[in-house]
Structures are given as C-alpha cells and as structure tokens.
Number of protein chains: 2
Amino acid sequence: MNGCTVAAPGSVANLVCGFDVLGLCLSAPADLMDFRILDEPKLIIKSADGYPLPENPAENTAGAPIIEMMKELDNTIGFEITIHKKIKPGSGIGSSAASAAGAVVGVNHLLGNKFTKEQLIEFAMFGEKVASGVKHADNIAPVVYGGVTLIRSVAPLDIIPLKSPNLHVTIVHPQIEVRTADARAILRRDVSLKSAIRQWGNVGGLVAGILMEDNALIGRSLQDEIIEPVRSILIPGFKDVKLKCIAAGALGGGISGSGPSIFMLSETEEIAKNVEKVMQDEFTKLGIDYYTYVTFINKEGAKVINEF
Amino acid sequence: MNGCTVAAPGSVANLVCGFDVLGLCLSAPADLMDFRILDEPKLIIKSADGYPLPENPAENTAGAPIIEMMKELDNTIGFEITIHKKIKPGSGIGSSAASAAGAVVGVNHLLGNKFTKEQLIEFAMFGEKVASGVKHADNIAPVVYGGVTLIRSVAPLDIIPLKSPNLHVTIVHPQIEVRTADARAILRRDVSLKSAIRQWGNVGGLVAGILMEDNALIGRSLQDEIIEPVRSILIPGFKDVKLKCIAAGALGGGISGSGPSIFMLSETEEIAKNVEKVMQDEFTKLGIDYYTYVTFINKEGAKVINEF
C-alpha cells in the first residue's frame, strides 16, 4: 500500500445546550482526501479541484496536524495529501475539522495505526489553531470517533465518546456570513445561575437520552437559553425556521457550530425530508440562497474508503 | 393487610457539579414509618420516639403530601402514620425528604400502588414546601426511585432515573448549623460563562460515567467550581477534609445538599472506612462533634419492609 483515500465528514459542534462540550459527526457532506507516502521527509498539500488552499503546510488546516505528527516519526518518510474540498468553509459544519481530522486519520492509516484516537485528536487540534486561532476539539472529536462525543474538559483534554443515536440530520446552510469571531464576541461573559442550572439539567438530559437511547428525552433536552438567544440574531429567520421544523416533526435542533447553518434531528428519513422542505420554503421566502443536506449521524467518523 | 412499615432513607442532593439537578439515595440512615389504615377520612401523624413533630398534619413534612394525596381518594378512609425519626433534621442528607417520600410510598402501598412514582413525587414535594418553603424534588426523586436521579427540568417536572452505581458512600455530619436559607443567600446570582461551561461538561461526564459504569469518569467529573467554593466557607475544615479523603482513595465528593454534611464516594467498603477515619480525625482535630456513616448507594429507594 502506497496510499489511501479518506472520507472526512462534516460535524455539528455546540449541540444546543451542549455549547463547547457536545458534538456529532455527520455522514454527509464529506471531503475526500488522497494520501500518498513519500520517500523523503516532506509534506505536500494539494487542492484537487481548484479550491484555493494555503500552499505552506504550516498554514494549512490539514498540514499543521501532520507537521506535529511527523515530529514523532523518524525523519525518513513524508506525505502528499490531495484534498477534494466538499464542505464549504464558514458553513458552521466543521469544514476545517474535516480537513484536520481527515489528515491525521489518513496518515495514521499509512503508518499502520501507530497513534491512538486521543493522540490523533491532539494532533488535529493544531489544524483548528491554524483555522481559527484556537485549539479546540469540538468538531474534531466527533469526526475522529464518530457518533456523539462529550468534551468533559479541555485542560486536561478529556473526551468521552458517547453513542451514535439512530437519528437523521437535516441541515440548511444559508448563504450568509457569520464570522466565528463575531459569534464569540456577542456572547455575554456572565450568565445567571438560574439559566446555567437549567442548561446543565438539559446537558445531563441530552447525555442520558443518547446513552439510554431515549429519543423523546433527547428532544426535550435540546434547549439552550444561554447561547442560542444571543447568536440566533445573526441568522435571519432562525426562530421561525426552528419552530416550523419542530412543528414538522423534528425532535429539535439549533445553530450548528457558530452558524450560519441550522441543524435539526429527526427520527425518520421522511420527517428529515419534510424538515428540509420547511427550511427551503423559509429561506426562499426570505430571499436568501441556501444549501440543504439530509443525512444521518455517522457512527464511524472519518474513514479510509480506498487503498492503492 | 391493615398496615405496613417503610424504611425511608436519607439522600444526597446537589451532587457536586449537579447542583439542583442530580441526587442519590442512601442506604442508611433511614427513618422507619408505620402506616395504618383508618376507616374514616382522617390523618394522624405521631412521633414514636419523643422527637417533636408538628401535630397538625398540614404543617408536617409527612402529613402535607398525604393531605394532597387524599384529595384524589374518595372520602372513606384515612391513615395513621407513626414516625421513628432516625435522620437528623438540618444534616443536609434529606431528613424532610425521607419523611415526605416515605409517607407517600407507605400510603400508596396500602392503596395497592394506585399512583405512579411521578405522581408520588408530585405529592411528596408538598412536604418539602412545609419544610423549606420550596417545592423541590432534589432529595425526593432519588428516595422514590432509588439510585441516582436527574431532574432535567423543574417546570414542567422531568425526572430521569439514571442508574445505581455500585459505590460506597461515607458521610460526616459535623454538629454545626448551616441554614438552608443562608446557604442559598450566599450564592452569586451570576456565574461566568467559562465556569458554567466547565460545570456542564462535568455534569455531562457524571451522567455518562453513571450510565456507562465508568467509575474513573465519575471521579473525574466530581468537580464543582461554582457552588462549592462559595458554600464550603460555611463548613470549617471542608477543603482539608475533601483533599485528604481523595488522598485516602475516594473517587470524589463534596457538600451534601446545602450542608453541613460532607459525602464521599468510594469503590470499596475498605476505602469508604478509611475515608471515615480521615473525616473523624479532621473534625476531632477541629474540636467539632460529628456523626459519620459508612453506607452505599441505595438501588431501591424508600421500601416497604413489613406488612401487618
């Protein structure tokens, strides 16, 4: 084997009440990444489809993690990574995490799975640092583990892979720009203890619902009275879209990452498609272009789909 | 059957990070309560051991819930309840909840389990209102269900019985007074978003640890940086006791309810007894009288132990 191809999917971080701690892996969209072993300690990152990527690997979301990883290897081999970028940056569904996590999963495969998933996440976080200035694992963890992951603690990093609920996900990506920095800046520094208690009650309920496979409990727990009321003002139509999606049968949902995408969880594909229709109607009415995806929670995460 | 006896155990509310949402049921200490059916719609509450109880059932923690329950019955029968009070009021281990939950469990048994556990909790909360002015279910829920319970939401009431970890509990009740009202009053109204996020990460971790039977995760998640730093100043020696108990092998622990009792969870009875020794030494050194208990998490909750 000289190379492999990895499907590196999108992800939803900030799972409603689980701001900064809960995320899930999507089945689609996914970047495709080709990996090839080089016989010298070099790292080459290429874009397959003209999408402009920084050529310097240290400035590239896929490259920075591999630079860190290569520090742990003897200086004899290198890698060429060709990225078919399918997940739009700035969408809020983990475009940079897909590249970073996909990169470490692919190279690790070529190395005979030398590193643990925890180590892969540590490497991949260097990609998030390149992308946003912050080494966070909210999107990387679900892409590496699949399913839903809990980040109990950032320092020290403590990631708990939960389970992968059999739920369908509908996503709408309205074509507006929400800068992560702005989405961070508008958050209040302090929250009322009362709201915080309701929030951690819901986080407990959501984790319990996932582990007990209780979809109704998952739905009841998908409430966020701290982040969503503030951030949703950056997304036109958010409140109406959400209410109408739930009326159409979705268990619940909210802002994906820091937006502008909105995600909804549903128990059946039929409901997930009805929810898509609701999203399309609403953003058409608002005169805002959009992409929609109907997919499901990805049990496996970033995955080697071919060897060559 | 004309009557029965119920063992109504203590409980630990405010399970470290799970302030206001997580509680567990203890195996000991427990109140003993005798129930007898009367052939007229009357309610009599008696103290078996000279412990002064309000004679008016409406002002009594065990009486108020039964008054509510009797509103749902036809007006033909009544009950006499004799309470052997073993759990000291003001200890922070759910003395009033034991009486309230024990009362509804006993009367419900005499009624052929007419009411669901959820209904029993709703009735029993009237007892907490008598005791503290607030209808809360933090202690009642674990006593009615057994094990560990999550109160996801108070309005509407949404209680999730989790599991009963096979863990031992050591409790020290220092003989000092911490008034619940004072313990409430010193809490800050606002908390930083950063702390709140760490707290709900730990709540997620604690719920996951319980449901995944991962004791190490339970231990890592038993952290509270919001309530404990404030309330522990009301309990002399708290910080030292906690550190030394963990050094002695406890997974973790904290203030039980609003104090002054301190609880610690351990994986073995041997560790739980070593932890007791640490607690005894510390409070002896401080010149503060105390009671200690070495017990375990109670899977069954309040339980009928005799019929007559």
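This briefing describes the interface between chain A and chain B. The model is predicted, and the contact draws 38 residues from chain B and 38 residues from chain A. Between them, the two chains bury about 2700 Å², with 72% of that area on carbon and sulfur atoms.

**Buried area**
- On the side of chain B, the residues that lose the most area to chain A are B:R152, B:L193 and B:W200, which together account for 29% of what that side buries.
- The size of an interface is often expressed in this way, as the accessible area that is lost when the parts come together.

**Polar and charged pairs**
- The rule finds two salt bridges across the interface of chain B and chain A, one of them joining B:D158 to A:R220, where the closest N and O atoms are 2.6 Å apart.
- Eleven residue pairs, with both residues at pLDDT 80 or more, are found in polar contact across the interface of chain B and chain A.

**Make-up of the chain B side**
- In chain B, β5 (148-153), β6 (158-161), β8 (190-192), α6 (193-211) and α7 (215-221) each supply at least two residues of the side that touches chain A.
- Of these elements, α6(B) provides the largest share of that side, namely 13 residues.
- Sorted by class, the side of chain B that touches chain A consists of 22 nonpolar, nine polar and seven charged residues.

**Strand pairing between the chains**
- Strand β8 of chain A, residues 190-192, pairs with β8(B) in the antiparallel sense over three bridges, and within this pairing A:V191 stands opposite B:V191.

Notes:
Residues numbered from 1 in each chain as written. Chains lettered and ligands numbered in written order. Predicted model: local features only at pLDDT ≥ 70, side-chain atom pairs only at ≥ 80, totals over all residues. Heavy atoms only, no water. Contact = heavy atoms within 4.5 Å. Buried area = accessible area lost by both parts, 1.4 Å probe. Salt bridge = Lys/Arg side-chain N within 4 Å of Asp/Glu carboxyl O. Polar contact = N/O pair within 3.5 Å; in protein donor to acceptor, adjacent residues only side chain to side chain. Helix = DSSP H or I, 4+ residues; strand = E, 2+ residues; numbered from the N terminus. Nonpolar A, V, L, I, M, F, W, Y, C, P; charged D, E, K, R; others polar. Pairing = 2+ DSSP bridges.
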